[in-house]
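Please read this note beside the coordinates.

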Amino acid sequence: MIEIVGEGIWKCAGSKIGPTVVVFGGTHGNELTGIEVVKKLLHTIESGQQMIESGVLYLILGNPRAIERNTRGSEDHADLNRCFKKDVLLQSDELYERKRAKEIAKILVNADVSIDLHATNKPSVPFLCCLADEKHEQIYRWFDCDRVLADPRYILAGEPVTTDEFIDVQGGIGICYETGFVGDLTRVDSVYENVLNVLCDQGLVTSPLPRGSMRGSRHVFELTERINLTEAGFRYADGRGKGSFEEFKKGDVLGYVGEESLIAEYDGVIIFPKVSEHWKIGQPVLYLGKII
Ligand SMILES: [Zn+2]
């Protein structure tokens, strides 16, 4: 049975007791693969091709206003996936993203697992963003990619702010999956299958049987630094900043903060180099990470 419980929020409850799983697409409105996967799941359940047998599945189109605009947020620099702070349920705020985060957080506090589907604004291979511990691997082992980016020190924003970090704080298991480059819609079917494997493994659906577990076969990276834009400005060194997981060596010049060189202090990778439309003083232009 499917119930609409909010704008872009569907609740599908099975007849037996089981875990509550939340699947998100469109937390950033221009990241279409996740939106298509959520719509496909909704369609297969509505049409009876797939039945939720136990537990509860929430399907959520994260940011309807941004989806409508086909932009990251409902306005420039608005970012729903930075609004899931610990106290989000206590906030009273008129800002659209913060109101939406509160509405969604009410679901996440009672959920066991959440899977938030994203895409990167510069080219990247698919990767998982979440803690790389045993309980997270139980869920993410079904995703078809060879790397995990963990951020146990909250380098991203200094504190838990994303859907996966929020549910982790609540004792659940949060996974963010970067499905690849935002302009690449070729992975909808494979990501849909990956999510279905998780749902089957959790007992929500009974077929198809999960397959393709990639347990223990991934490279784990950790975020190490956040490079913010300052009044001095920033530019990349030649050939740098084209996409996530671009490798660098200790001593390489990555870019320039004003006239000062940004020199790598260790071997690592560039993560989430922002497209220039998203640059804002005081906000990150890129992150650095390294393999652990
Ligand atoms: Zn995103």
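The points below go from the sheet to the pockets.

1. This is a predicted model, in which local features need pLDDT of at least 70, side-chain atom pairs count only at pLDDT 80 or more, and totals for chains, interfaces and linings use all residues. Numbering starts from 1 along each chain as its sequence is written, and side-chain values use heavy atoms, without hydrogens or water.

2. An open, mixed sheet is formed by 12 strands, ordered β1-β2-β4-β3-β5-β8-β6-β7-β9-β15-β14-β11. Strands (E, at least two residues) and helices (H or I, at least four) are DSSP runs numbered from the N terminus; two strands pair if DSSP finds at least two bridges between them. β1 (2-6) and β11 (246-248) each have a single partner strand, so one side of each lacks a neighbour in the sheet.

3. Helix α1 (residues 32-46) packs on the sheet, and its direction makes about 135 degrees with that of β4 (54-61). For helix α3 (residues 96-108), also packed on the sheet, the angle with β4 is about 170 degrees. Axes are lines fitted to C-alpha atoms, for helices over the stretch in contact (heavy atoms within 4.5 Å); angles run from 0 to 180 degrees between N-to-C directions.

4. Domain 1 (2-201) and domain 2 (222-291) both contribute to the lining of the largest pocket, so this pocket lies between them; the bounds come from an automatic or database domain assignment. α3 gives the largest share of its lining, three residues. On a 1 Å grid over the protein atoms alone, a pocket is an open set of points where a 1.4 Å probe fits, with protein on both sides within 12 Å along at least five of seven lines; lining residues have an atom within 4 Å of a point.

5. The second largest pocket is lined by 33 residues, with Cys 129, Leu 156, Thr 162, Glu 178 and Phe 272 closest to its centre.
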